Amino acid sequence: MSGIGPVEPGEDTRVRDSPPPRPRGRLALRYERHRRTVLASGAVLVVLAGGGYLYASRSQPRPAPPAPYPSQAVDLVYLAPAAGSPGATAGGYRFTVLLSVRSGPPVTVTRLAQPYDGLSVTSSPAVPFQTKSHSTRKIIVTLRVTECEKAPRNPGLPFLDVTLRNARAIEAHSFILGARYARDLSQALEVACSNDSR
């Protein structure tokens, strides 16, 4: 044999593959023994982490807008003197107002008042009462003259103080009922106090 080149195996001989190098150290030996379990656990952790990230970063539905404040959802309108108003003989004035709740949750009227010391206020229905959303309620308000000296002679823009409550807030609000209410109230007070002075 002469020649240059790699040594080739002869007939009926086999090349042996050398065994892979053995890991060194306790951790490496443990990993080698439990490799399948470690790889499966790692895959589960990767899937859980990815799922958690996707869950945490999902788009959130917008929260519902808050309910309106009660004074923003309510209208109070003067209608007319009430039928069968006691008038001057009883020293009072009865009139009808219309309470409308335009939107939001139901609104409860917890108090009706007026700014003058010489007058007292009662209502039918009596406070507190509730009105549902998108509905109206007629209220009969009775003003009684308690002291003519303290009652206004010619109120310019009389108003009613109404305390309203809904799911969002409690508010005290003053409703100006308009020129027709001012005129009717002035006439009723004039009659009531002129009868009182006799």
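Reply: Happy to! In the largest nonpolar core, which has 30 residues, F95 and L177 touch the most other members. A nonpolar core here is a set of buried Ala, Val, Leu, Ile, Met, Phe, Trp, Tyr and Cys residues joined through side-chain atoms within 4.5 Å. Buried means under 20% relative accessible area, exposed means over 50%, and partly exposed is in between, using a 1.4 Å probe and protein chains only.

Me: Which elements give two or more residues to this core?

Reply: Those are β1, β2, β3, β6, β7 and α4. The largest share comes from α4, with 6 residues. Helices (H or I, at least four residues) and strands (E, at least two) are DSSP runs numbered from the N terminus.

Me: Before I go on, what sort of model is it, and how are things counted?

Reply: It is a predicted model, where local features need pLDDT of at least 70 and side-chain atom pairs count only at pLDDT 80 or more, while totals for chains, interfaces and linings use all residues. Residues are numbered from 1 along each chain as its sequence is written, and side-chain values use heavy atoms, with hydrogens and water left out.

Me: Great, on to the sheets. What is the strand order in the one with β1?

Reply: That open sheet has 4 strands in the order β1-β2-β6-β4, and the pairing is antiparallel. β1 and β4 (119-124) are its edge strands, each pairing on one side only. From one strand to the next, the twist averages 30°. For the cut-offs, two strands pair if DSSP finds at least two bridges between them. Axes are lines fitted to C-alpha atoms, for helices over the stretch in contact, and angles run from 0 to 180 degrees between N-to-C directions.

Me: How many bridges join β1 to β2?

Reply: There are 7, and the two strands run antiparallel. As an example of a partner pair, L76 is bridged to L99 in β2.

Me: And the sheet with β8, what's the order there?

Reply: The order is β5-β3-β7-β8, again an open sheet of 4 strands with antiparallel pairing. Its edge strands are β5 and β8 (170-176), and each pairs on one side only. The twist averages 35° from one strand to the next.

Me: Is β3 largely enclosed or in the open?

Reply: It is largely enclosed by the rest of the structure, because 5 of the 7 residues of β3 are buried.

Me: What does β3 pair with?

Reply: With strand β5 (residues 129-131), β3 pairs in the antiparallel sense over 3 bridges. There, V109 stands opposite F129, and V107 stands opposite T131. With β7, β3 also pairs in the antiparallel sense, over 5 bridges. In that pairing L112 stands opposite V162.

Me: Changing topic: how many disulfides does the structure hold?

Reply: The structure holds 1 disulfide, defined as a pair of cysteine sulfur atoms within 2.5 Å. It joins C148 to C193, with an S to S distance of 2.3 Å. The two are 45 residues apart and link distant parts of the chain: C148 sits in the loop between β6 (135-145) and β7 (159-165), and C193 in helix α4 (residues 179-196).

Me: What's the handedness, and are the two cysteines buried or exposed?

Reply: The link of C148 and C193 is left-handed, with -100° about the S-S bond. C148 and C193 are both buried.

Me: How many salt bridges turn up in the whole structure?

Reply: A search finds 2, where a salt bridge is a side-chain nitrogen of Lys or Arg within 4 Å of a carboxyl oxygen of Asp or Glu. One is between D75 and R102, at 2.8 Å from N to O. D75 is in strand β1 (residues 74-81) and R102 in the loop between β2 (92-101) and β3 (107-113), so the pair ties together parts that are 27 residues apart in sequence. D75 is partly exposed at 33% relative accessible area, and R102 is partly exposed at 37%.

Me: And E147, what does its side chain meet?

Reply: E147 meets K150 in a salt bridge, 3.9 Å from N to O. E147 is partly exposed, at 33%, and K150 is partly exposed too, at 45%.
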